[in-house]
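Good morning, everyone, and thank you for making the time.

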Amino acid sequence: MRKIFILLLLWFGSFQFCAAQDWLTSMEAAKRLALIQDKMILMVWEEAASYAFPVIVEDEKGNKGVIDNMFENEYVKKWLWEHFVLVIVNESYYAQLYGDINKTRTFRYIEKFNDDSLKVMDINGNILNIAYNYDEIFNLSEFVRNYYVNTRFLKGEYIAYTNEKSFTSSYYLAYRYVDAAAYVNPEIRVEMIKMSNIYLDETKKYLEQGAVTDKSGLAFKIELIEIYQDLVLDKPRKVLRQLDRLAKTELDPSDEEMIAFLYVAAYRVLNDEKSASEWRSKVSLLNLEKASIIISNSKL
């Protein structure tokens, strides 16, 4: 234990010795604070937090030590607060929170919601870390490396969605999560796309239920987001097949740049610069930079 204590002192040596901020107990307060601080939420059920939760922590050189209970260790709490907003949720809120997701989420998502593990959530309470597998002792350092996301780039869309849930706000938040997936740790890229799909499913419901005049045009825009998801997931050939199919339909001028961006990025991933050049003039500098990020992430 002395070795572990020395390890932690070295690791957190830049921090002043002071009591760390404790876990919040209000989910609503956690959501508001997460929006202000540009963080994801780290949530756990109260009953799970009442038991010792041993974790592995690492120093900068990769040396590992075991903390007997992450919920009581001041150093760990302080460190976690730098990356997440921490909240322990009382079991009495389970029924309300479950009602918000029942019949709208996958079986695996519901399992994650129900279990005693740590849950990384966005400001709307949607869980990101669905696929994370726990070892016998939880490696907290690895977890933080994978799931720490600065959400500043989502702030505008978060605010718009919070102010009014609609086709437009859910559509742009779904789109922005695909943007985010291109920049995050590759270990969570698929999960970030799944987060996008949560909002895209909402967008589809608003389209089905709403009194809009151009449902086919809006459905086309949703389909472009789904193609964009495939691009970020490194499936350029699938992207090109879908784009070629859509090319047979009448296009709205407002969709032309998005289509050109998808073509340019997909062709460049496949090292087909000649085909990409035919579309490049229609793509903005911002989207060309985004395409470069996607290309650099490709394993093809």
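Predicted model: local features only at pLDDT ≥ 70, side-chain atom pairs only at ≥ 80, totals over all residues.

Residues are numbered from 1 along each chain as its sequence is written, and side-chain values use heavy atoms, with hydrogens and water left out.

Let me begin with the open spaces. On a 1 Å grid over the protein atoms alone, a pocket is an open set of points with protein on both sides within 12 Å along at least five of seven lines, a cavity is a set where a 1.4 Å probe fits but cannot get out, and lining residues have an atom within 4 Å of a point. Grid points are joined across faces, edges and corners, and a volume is the space filled by probe spheres set on the points. The helices I name are DSSP runs (H or I, at least four residues), numbered from the N terminus.

The largest pocket holds about 720 Å³ of space. Its lining has 26 residues, and those nearest the centre are Asn 124, Asn 126, Tyr 161, Lys 165 and Glu 202. Which helix supplies the largest share of the lining of this pocket? That is H10, with seven residues, although helix H2 (27–37), helix H5 (94–101) and H8 each supply at least two residues as well, as does H10 (189–209) itself. By class, the lining of the largest pocket has eleven nonpolar, six polar and nine charged residues.

The second largest pocket has a volume of about 300 Å³. It is lined by 14 residues, of which Tyr 171, Tyr 175, Ser 254, Asp 255 and Met 258 are the closest to its centre. Two or more residues of this lining come from each of H9, H11 and helix H13 (256–269), and H9 gives the most, with five residues. The lining of the second largest pocket divides into eight nonpolar, three polar and three charged residues.

Five nonpolar, two polar and two charged residues make up the lining of the largest cavity.

Finally, I come to the way helices pack. Axes here are lines fitted to C-alpha atoms, for helices over the stretch in contact, and angles run from 0 to 180 degrees between N-to-C directions. The axes of helix H8 (residues 155–163) and helix H9 (residues 167–181) come within 9 Å and cross at roughly 155°. That angle makes H8 roughly antiparallel to H9, a term used for angles over 145 degrees, whereas angles under 35 degrees count as roughly parallel. Where contact means heavy atoms within 4.5 Å, the residues that H8 brings to H9 are Glu 157, Tyr 158, Ala 160 and Tyr 161, and those of H9 include Tyr 172 and Arg 176.

Helix H4 (residues 74–81) and helix H7 (residues 140–147) pack at an angle of about 10°, with their axes 12 Å apart. H4 is therefore roughly parallel to H7. Val 76, Trp 79 and Leu 80 of H4 meet Leu 140, Ser 141 and Val 144 of H7, and these residues divide into five nonpolar, one polar and no charged.

Technical notes. Parallel < 35°, antiparallel > 145°, perpendicular 65-115°, else oblique. Nonpolar A, V, L, I, M, F, W, Y, C, P; charged D, E, K, R; others polar.
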